[in-house]
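Here's a quick briefing to read with the model open in your viewer.

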Amino acid sequence: MEGAFMFQCFFFIALAIFSYLLFKHNSKASKTESKLPPGSLGWPYIGETLKLFSQNPSLFFDSRYRRHGEIFKTHILGYPCVMLASPEAARFVLVTHADLFKPSYPKSKETLIGPSAIFFHQGNYHSQIRKLVQNSLSLNVIRSFIPAIEFIALSTLDSWCNGTVINTFQQMKKFTFDTAVLSIFGELDSEFKDRLKYNYHIVDTGYNSFPINLPGTLFRKALLARRRLEGMIHDKITQARERKWEQNNLLTCLLNYKDEDGQFLEDNQIADNIIGVLFAAQDTTASVLTWIIKYISDDQDILTAVEREHKALYVSSEGGTQTSLTWAHTRNMPFTQRVISECLRMASIVAFTYREAVIDVEYNGFLIPKGWKALPLFRSIHHNPEFFPQPEKFDPSRFEGVQKPNTYMPFGNGTHACPGNEVAKLEMLILIHHLVRNFRWELATPKSGDCGVQYAPFLIPAEGLPAKFWKKSDAKGHA
């Protein structure tokens with residue numbers, strides 16, 4: 001009897017303690033909930049992922065901006081997020097209070113690129129790797145790339161003129177992949193490069209997938225291809241060490257680097273950063289080039305102005321006899337530069353970037369809880385009529401003047417801004433030059449009839465912008 005009484009006492013004491021803790025937790029949760037930005041977290045785990053990635057992101061962002069204002073919560077790719085759609089908020093997260101946030105990507109991207117890649121770090125390791133990437137892509141280095149990039153561009157464009165409709169984006173990816181490989185490894189034999197391209201393409205398809213490691217899933221296929229890719233990179237690392245390569249490329253920079261303690265980078269660190277550069281260099285530049293073709297095709301006056309600028313380059317140099325581009329030529333394309341800048345704004349292929357709060361952060365009266373993602377919305381800022389009047393109109397003249405600070409961030413902002421933006425712009429200038437000088441094209445209607453956008457994994461025109469190309473010198477090309 002006494003034992004039963006003691007048990008009851010213990011039970012009620014435990015129940016009282018549990019009730020008190022539950023009350024405190026609920027009070028704290030209620031307090032936290034009241035400070036969170038407005039918005040919806042959607043379905044468990046899936047959140048609003050499908051809503052975002054199945055439509056033009058402007059529709060997703062704008063509907064929530066109108067309903068909730070410039071700060072709202074959502075749930076993307078398995079993570080609760082706070083989206084921020086003002087220049088001040090972007091600067092807060094990326095520059096002035098960057099120490100309160102750490103670089104963060106969805107788990108699928110982090111796993112497939114590799115944990116040692118520059119994107120996922122801050123502090124000394126990040127600054128050292130960033131410096132190595134910048135050194136391998138400095139202006140003095142990339143100016144020596146011009147003949148090789150020009151050869152790749154001409155070969156790529158020639159391959160399109162086969163009388164059939166092509167997927168412009170997929171073909172652009174071949175161009176940007178080959179130029180990325182050039183800056184990373186230098187010249188490679190075609191067999192190795194083809195295997196590299198094949199496996200990286202599979203990895204590429206897994207970046208925006210849910211990280212479900214089950215047979216048959218995109219993520220599992222991408223993981224297996226990633227292992228093969230890493231093995232190939234390790235082979236190149238071994239060859240470079242044995243032959244003591246001194247080429248001016250990223251692999252050599254990474255191999256030769258020693259920290260202040262005299263330690264070299266480990267092979268997995270080198271492999272992760274090479275895959276990271278492939279990720280940053282291929283799809284982004286290919287997406288922008290695809291959008292450029294779309295935008296200049298839609299406005300004959302702009303296309304004519306671009307053609308006129310590139311034709312004039314040779315008239316003003318060496319009596320018009322020179323046919324190869326020089327560094328000076330690429331610095332003398334002001335209208336084309338403005339076209340590229342306006343395309344970067346209009347397309348905003350990197351619609352947002354990921355950061356993760358390392359502590360509870362308060363901004364403008366709202367809480368960004370520790371562990372939540374903070375997503376500055378570049379696309380919303382680039383399409384805000386307060387900063388860019390008639391934002392849906394393609395107008396290169398916007399860039400004849402200087403933009404308001406923190407309203408134009410196509411390459412990001414702060415210490416994690418893209419270190420390869422100059423080589424990306426050089427690739428665009430070279431390909432545009434030969435495209436408008438030597439080729440004509442017409443856009444085809446997508447088979448689905450959809451003329452909107454899709455993720456691949458960055459924003460591109462529907463179905464990769466189907467188009468037919470032919471040489472200007474080929475009178476039968478359009479027949």
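Which residue in E8 is the bridge partner of Glu356? It's Lys373. Keep in mind that this is a predicted model.

**The chain overall**
- The protein chain has 18 helices and twelve strands.
- Of its 479 residues, 51% are buried.
- Its accessible surface comes to about 22,800 Å², and carbon and sulfur atoms account for 55% of that.
- Take the contacts between residues at least 6 apart in sequence: 72% of them join residues at least 24 apart.

**Strand E8 and its partners**
- E8 covers residues 373–376, and it pairs with E5 (residues 355–357) through two bridges, with the strands running antiparallel.
- The Glu356 and Lys373 pairing belongs here, with Lys373 on the E8 side.
- E2 (residues 79–84) is joined to E8 by four bridges, and these two strands run parallel.
- On that side, Val82 has Ala374 as its bridge partner in E8.
- Side chains in a regular strand alternate between the two faces of the sheet.
- In E8, Lys373 and Leu375 point one way while Ala374 and Pro376 point the other way, and all are buried.

**Phe378**
- Phe378 sits in helix H17, which covers residues 378–382.
- Is Phe378 buried or exposed? With a relative accessible area of 4%, it falls under the 20% cut-off, so it counts as buried.
- Ala351 is 27 residues away from Phe378 in sequence, yet the two C-alpha atoms are 5.4 Å apart.
- Beyond neighbours within four places in sequence, Phe378 is in contact with Leu94, Ser348, Val350, Ala351, Phe352, Thr353, Met409 and Gly412.

**Nonpolar cores**
- The largest nonpolar core has 120 residues, and Phe185, Leu196 and Ile292 have the most contacts inside it.
- H13 gives the most to this core, with 16 residues.
- Ile292 touches Val339, Ile340, Cys343, Met428 and Ile432, leaving out residues up to four places away in sequence.
- There's also a second, separate core of 23 residues, which includes Val82, Ala374, Phe378 and Phe399.

**Thr336**
- Thr336 has its place in helix H16 (residues 334–347).
- Its relative accessible area is 1%, so Thr336 is buried too.
- Not counting residues up to four places away in sequence, Thr336 touches Val306, Glu309, His310, Leu429 and Ile432.
- Ile432 turns up in the contact list of Ile292 and in that of Thr336.

**Helix H6**
- H6 runs over residues 124–136, and its 13 residues should span 18 Å at 1.5 Å a residue. The end C-alpha atoms are 19 Å apart, which agrees with that.
- Its buried residues are His126, Ile129, Arg130, Leu132, Val133 and Ser136.
- Why do they lie on the same side of H6? They cover an arc of only 160° around the axis, so that puts them on the same side.
- What do the buried residues of H6 pack against? Their packing partners are helix H7 (139–142), helix H12 (250–256) and helix H13 (267–298).

Definitions and conventions: Residues are numbered from 1 along each chain as its sequence is written. This is a predicted model: local features need pLDDT of at least 70, side-chain atom pairs count only at pLDDT 80 or more; totals for chains, interfaces and linings use all residues. Side-chain values use heavy atoms; hydrogens and water are left out. Buried means under 20% relative accessible area, exposed over 50%, partly exposed in between (1.4 Å probe, protein chains only). Contact means heavy atoms within 4.5 Å. Accessible areas come from the Shrake-Rupley method with a 1.4 Å probe; for residues, only the protein chains shown count as cover. The expected span of a helix is 1.5 Å times one less than its number of residues. The arc is that of the directions from the helix axis to the C-beta atoms. A nonpolar core is a set of buried Ala, Val, Leu, Ile, Met, Phe, Trp, Tyr and Cys residues joined through side-chain atoms within 4.5 Å. Two strands pair if DSSP finds at least two bridges between them.
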